[in-house]
Amino acid sequence: MIILFSFHGDRITNKLIDWLLYYNIQFKRINLEDETPFNITIEYNNDMNIKFKLINSEIINFSEVKYFYVRGVGFKELNCFTKIPNIPQPIINKYLKLEWETLINFFYSEINKKSIGSFKIGDNHSKLKQYKIVKSLGLNLPKSIICNNLEEINSFHENKNLITKAIQDNIATEYNRKVYLQRVQRFNIKEIDKEFFPSFFQIEIEKQYEIRTFIFDQKCYSIKFTFKEKGIDMRDYYNQHEYASYQLPKNIQNKLISLIEKLELKSGSIDLIKDMNNNYYYLETNPNGQYDWVSTFTETNLHQTIAIFFKNEIKKLK
Amino acid sequence: MIIKGFRRTIKVPLIQKSDYQIFNNNDYKFSQSNYQKKINQFSYPSLITNSIIEINSNNINFRNLNFLKWVLCKNIVIEFINSPSLVIIQNIINQCIVSNVHQITIIINHFIDEYYSDNFIESILCNRLQKIIIFNSPFIQNIENSFFFYNFNRKRTLKKYKTEFYPDLTLIYESYDFHTYFNQKLYIGPSGEIKNAPESDEIFGNIKDIENPEDLKQIISTPEFQKYWSVHKDIQDVCKDCEFRYMCVDNKIPYQRTENEWYHKTECNYNPYIAKWEGEDGYKTLAECGVISHENGFSIDHDKIAEINKVLWGE
């Protein structure tokens, strides 16, 4: 059995299911907005066993699941807390929140062990951790600094353009039915204060094009795109990029594959830049990266490829 | 990607959602690099990618939609001749969800007050995979791009509209080899009759008699059912000269003249030889431009067209 954690109306999951049906692979789609995380049971007898009861009373027994597939962000955040007499509410809230997070993070991590796409757990895959591994693999990183003062920036920037972006993985936050995006931005050093909130800065690389690589089952599937205007965040001029299939050099491919392994992921989407001197620079890995658009512009139908992977996994485990 | 028509050329950027640009052929420099080779990965496992199902809801036996899963149908349009209740609509949507239908469009031809209630709208909206279009409503309104109320009748038409062309790569690649309307389409009529499309004449049995996947697959796999599937625009008179040919979903039935020549009995309301739409100043019919397309042959009077274009466009 393959378990697909997804959400209502997600067509990427639909596309995969078409192929699962075609290859006669047993699966179950679970739209997490329908379910409650309180229905998790973990038993410790001789072995550990995790069970998840669905709202329709069906029970998913993890020992029977051959592989998972994860789309979306998971359960909604816990936001209702009980009251206990004589204990201040902030204490209860903090206690329950940590209890819940500990449980849910373990639940997610057990899924991520054998999953295409993964749930986000704390800062497991933060840029800072990624950069450390990337350095050790010998991939180029744009010169970067995290600091809170102008003095350090001044000795860092070498009169080159600087960009700033978030340290965290989160790219968007919803509030009052509006989505607020965290963007990559250029800025003027003259306009910033002497001291500020610790922030991430990077020397801007003049690029030939950007590359997105989806890594899955030890293979890289890449596309490149150029910016029509001098855009900095790929979401600028989103509609003006022209995409094309791209082949990365073998040594870069190998490094990216080992990066995904070192991040303990089964798949991921990696952003790279190729500069004017044909050097490749690593930007970041998105553990839950989109692959549909990579599939659209490369020669491989990734939905089918993933279904075949599941088919082989099931065979292997029999 | 470049689509060259008789008079004009369309440039489609290789992105998933975008506008295209139109050029006069004379103004556009063609170079080899403008041509995009076909990326041959738009393969689906589906036997049928889209269905149109008409339901008469007076007939309260809910139609069993299991067959959608058998053929891995992705998109469906369900048209109710009457006014179905919320229970009926929900039942249909749930069946579609179980069958892994990617997108549902529900057309309702008669408005009842129930449709304009929070309960109705919210209980349907939460599935996030359908559009509901309600005709003959007392008002016009668009709710979250999912509910559309129109205060007029639904009309079936063979006409094309300037605004309907959408440069979707999947569609463009499909159109290279297939008829974008008839290919992998299945129509089930109000009494269960199975056809390729509502416009088709031939009936291939009744869905009520179909008991297992193989029965249906057998019908759909026959060359008769798939008669129009491979009739792509490049082998159709007039269409093959049109710059919109790879993004046009045309529901006119093509008629065969020779093995690789097809024609239409109804003329399109866009004339690609002079780049004019019916109703626009200077529009002329094909016959008036010296373009002849019928069962006996296809011919273009190039001199006459050049003359007309000179008057219309000054070149």
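**Note on a two-chain predicted model**

1. In chain A, A:Thr164 has A:Phe201 of strand 13 as its bridge partner. Strand 13 (residues 195-203) of chain A and strand 9 (residues 162-165) of chain A are paired antiparallel over four bridges. Pairing here requires that DSSP find at least two bridges between the two strands.

2. This is a predicted model: local features need pLDDT of at least 70, side-chain atom pairs count only at pLDDT 80 or more, and totals for chains, interfaces and linings use all residues. Residues are numbered from 1 along each chain as its sequence is written, chains are lettered from A and ligands numbered from 1 in the order in which they are written, and side-chain values use heavy atoms, with hydrogens and water left out.

3. Another open sheet of chain A has four strands in the order 2-1-6-7, with parallel pairing. Strand 2 (27-31) and strand 7 (115-116) each have a single partner strand, so one side of each lacks a neighbour in the sheet. Strand 6 (residues 67-70) is joined to strand 7 by two bridges; A:Phe68 has A:Ser115 of strand 7 as its bridge partner.

4. Chain A has seven helices and 18 strands, while chain B has six helices and 17 strands. Both elements are DSSP runs numbered from the N terminus: helices are H or I with at least four residues, strands E with at least two.

5. The radius of gyration of chain B is 22 Å, close to the 20 Å of the globule rule for 315 residues, so chain B is as compact as a globular protein of that length.

6. Buried residues (under 20% relative accessible area, 1.4 Å probe, protein chains only) make up 47% of chain A and 51% of chain B. Of the contacts (heavy atoms within 4.5 Å) with a separation of 6 or more, residues 24 or more positions apart account for 64% in chain A and 63% in chain B.

How values were computed: The radius of gyration is taken over C-alpha atoms; the globule rule is 2.2 Å times the number of residues to the power 0.38. Buried means under 20% relative accessible area, exposed over 50%, partly exposed in between (1.4 Å probe, protein chains only).
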